[in-house]
Amino acid sequence: CSTLSKKLLGCQLVRKLQDGSLVAGTIVETEAYLGGDDKASHSCNNKVTERNRAMFMAPGTAYVYQIYGMHFCFNISSRGDGAAVLIRALQPTYGISQMTTLRLSGKQKSKTNTRMTVEKLCNGPAKLCQALSIDKGFNCIDLCKSEDLWIQPKQLDNQIELVSAKRIGVDYAGNYWASQPLRFYVKDNRCVSVIAKNIVTS
């Protein structure tokens, strides 16, 4: 799962919208959720529920869940029972105007949000789902076969310097799991959601 989290950095997440247009972004931040003993994982202790069943499906299955009753988070199942990778941030690369429209939909049109910068479009898991119009309808789909949402591999010569840090918002899991360096992001990328103070580079 940690390996997949790192390998996804630099790949493109591509979404084909209902009108046939494409929006896409480079994956620049991920988090690994290991399942099993990982107390921050929805699948801790290998407990299978209707909500998390995608985490126990074949690697490459989309796991989309809702938070706060209104936002969505997009994950990809990995090897290992209950393991999945949360996609935390993208660097928008294609269809930026459509992304901006989708991000602003349902929001109060103020001078602040109508001037939303590219760096702010997808710098968080809920933001990127809104920008790419990803919702629960994508839960449990096979990303290797989907014609509406897929991962475009990065070029082999695309060298990336990675940063490892603790995950965001998992203090409930206890000190050990909350402090594990299971968040990975592209060093110095302006689209990353949170820049860590204590980092490990690779």
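Is Ala32 buried or exposed, judged by its relative accessibility?

## Ala32 in strand S2

In this predicted model, Ala32 counts as buried because its relative accessibility is 0%, and its place is in strand S2, which covers residues 22–33. Leaving aside neighbours within four places in sequence, Ala32 is in contact with Cys1, Ser2, Ser5, Asp38, Ala84, Arg167, Leu182 and Phe184. Asn75 lies 43 residues from Ala32 in sequence, and the C-alpha to C-alpha separation of the two is 9.5 Å.

## The nonpolar core

The largest nonpolar core has 58 residues, and those with the most contacts inside it are Leu13, Phe74, Ile87, Leu132 and Ile134. Strand S5 (residues 84–94) gives the most to this core, contributing 6 residues. When residues up to four places away in sequence are not counted, Phe74 touches a set of residues that includes Leu13, Val64, Ile87, Cys129, Ile134 and Leu149.

## Asn123 between two helices

Asn123 is found in the loop that runs between helix H3 (118–121) and helix H4 (125–131). Its relative accessibility is 10%, and therefore Asn123 counts as buried. The side chains of Asn123 and Lys127 are joined by a polar contact of 2.9 Å, while Arg88, Ala89, Cys191, Val192 and Ser193 are touched by Asn123 when residues up to four places away in sequence are not counted.

## Confidence

The protein chain has an average pLDDT of 91, with 92% of the residues scoring at least 70. Over residues 108–113, however, the pLDDT is below 50, and this stretch has 5 contacts in the model beyond near neighbours in sequence. Where pLDDT is low, the predicted coordinates should not be read in detail.

How values were computed: Residues numbered from 1 in each chain as written. Predicted model: local features only at pLDDT ≥ 70, side-chain atom pairs only at ≥ 80, totals over all residues. Heavy atoms only, no water. Helix = DSSP H or I, 4+ residues; strand = E, 2+ residues; numbered from the N terminus. Buried < 20%, exposed > 50% of the residue type's maximum accessible area, 1.4 Å probe, protein only. Polar contact = N/O pair within 3.5 Å; in protein donor to acceptor, adjacent residues only side chain to side chain. Contact = heavy atoms within 4.5 Å. pLDDT = per-residue confidence, 0-100. Core = buried A, V, L, I, M, F, W, Y, C linked by side-chain atoms within 4.5 Å.
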